[in-house]
Amino acid sequence: MLSELERIIYTEILKIPMGQVSSYYSVYDRLINLILLPSIVSLIFFYAATEPLNNHKGIRFLVVVGGMIFSIDIGLYGFFVTLSQIWYLILILVSGFLFIFGMFISPGTKIKLPNSSDRVYRSIKTIDTRLEGLYGMKSSIENRINVATASLSSASNPGVISSLRTRINNLQRKMDDIDMQIRKLVDQRARLVRRMRT
């Protein structure tokens, strides 16, 4: 039995045809099939449709929400109700087919080994990660040298001056070591990039 509140929600707000609403006999079935599943399908639909806005997550979210509200306003939500039934049925059938097909095929399939370009690409990505860490360390040491140099210019105590100079020299040696590592990695990366292009 459809309550007056449900009738208002389903037929007047969501604009679902009464024939679709009356095909579900319990409150639970109506919540699942008329609210939950269609909402998931419509979210996936609008999320996929707004892929060009991937770099603007806030705008993308607003467009998705606006699209859902607009689809309800023009009576398109009933289409998503029908689409959700078909979509989940196809999803279950395809998943089942792939599972059964995989049980018979997978024992005889050959494992695909990564080719040379894949290994080179992974090596480049590893170098990029290491370079990023080294540049971060270099920036931190530069800041520490600047702070120590500023303190040295205003220091008058001979002991403090000596300590600051020692600290600056140690930090400079670390900086030189990092610069050497960066140069080696940059050269190695350049060789790998040339190898990928050949």
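Q: Why is Leu36 called partly exposed?
A: This is a predicted model, in which local features need pLDDT of at least 70 and side-chain atom pairs count only at pLDDT 80 or more, while totals for chains, interfaces and linings use all residues. Residues are numbered from 1 along each chain as its sequence is written, and side-chain values use heavy atoms, with hydrogens and water left out. Buried means under 20% relative accessible area, exposed over 50%, and partly exposed in between (1.4 Å probe, protein chains only). Leu36 has a relative accessible area of 43%, and is therefore partly exposed.

Q: What makes Thr50 buried or exposed?
A: Thr50 has 7% relative accessibility and therefore counts as buried. Thr50 is placed in the loop between helix 3 (27–49) and helix 4 (57–73); helices are DSSP runs of H or I with at least four residues, numbered from the N terminus.

Q: What joins the side chains of Thr50 and Arg60?
A: A polar contact of 3.0 Å joins them. The term denotes a pair of N or O atoms within 3.5 Å; within protein, one must be able to donate a hydrogen and the other to accept it, and residues adjacent in sequence count only if both atoms are side-chain atoms. The Thr50 side chain also reaches the backbone oxygen of Tyr47, at 3.1 Å.

Q: What makes the meeting of Arg60 and Glu51 a salt bridge?
A: A salt bridge is a side-chain nitrogen of Lys or Arg within 4 Å of a carboxyl oxygen of Asp or Glu. The side chains of Arg60 and Glu51 meet at 3.3 Å, N to O. Arg60, at 4% relative accessibility, counts as buried, whereas Glu51, at 44%, counts as partly exposed.

Q: Why does the salt bridge of Arg30 and Glu6 tie together separate parts of the sequence?
A: Their side chains meet at 3.0 Å, N to O. Arg30 lies in helix 3 and Glu6 in helix 1, so the pair ties together parts that are 24 residues apart in sequence.

Q: Why is the aromatic pair of Phe45 and Phe46 given its name, and how are its planes set?
A: Rings of Phe, Tyr and Trp (its six-membered ring) pair if their centres lie within 6.5 Å; planes under 30 degrees apart count as stacked, over 60 as edge-to-face and the rest as tilted. A search of the whole structure finds one aromatic pair. Phe45 and Phe46 are 5.3 Å apart centre to centre with 80° between the planes, and the pair is edge-to-face.

Key:
Helix = DSSP H or I, 4+ residues; strand = E, 2+ residues; numbered from the N terminus.
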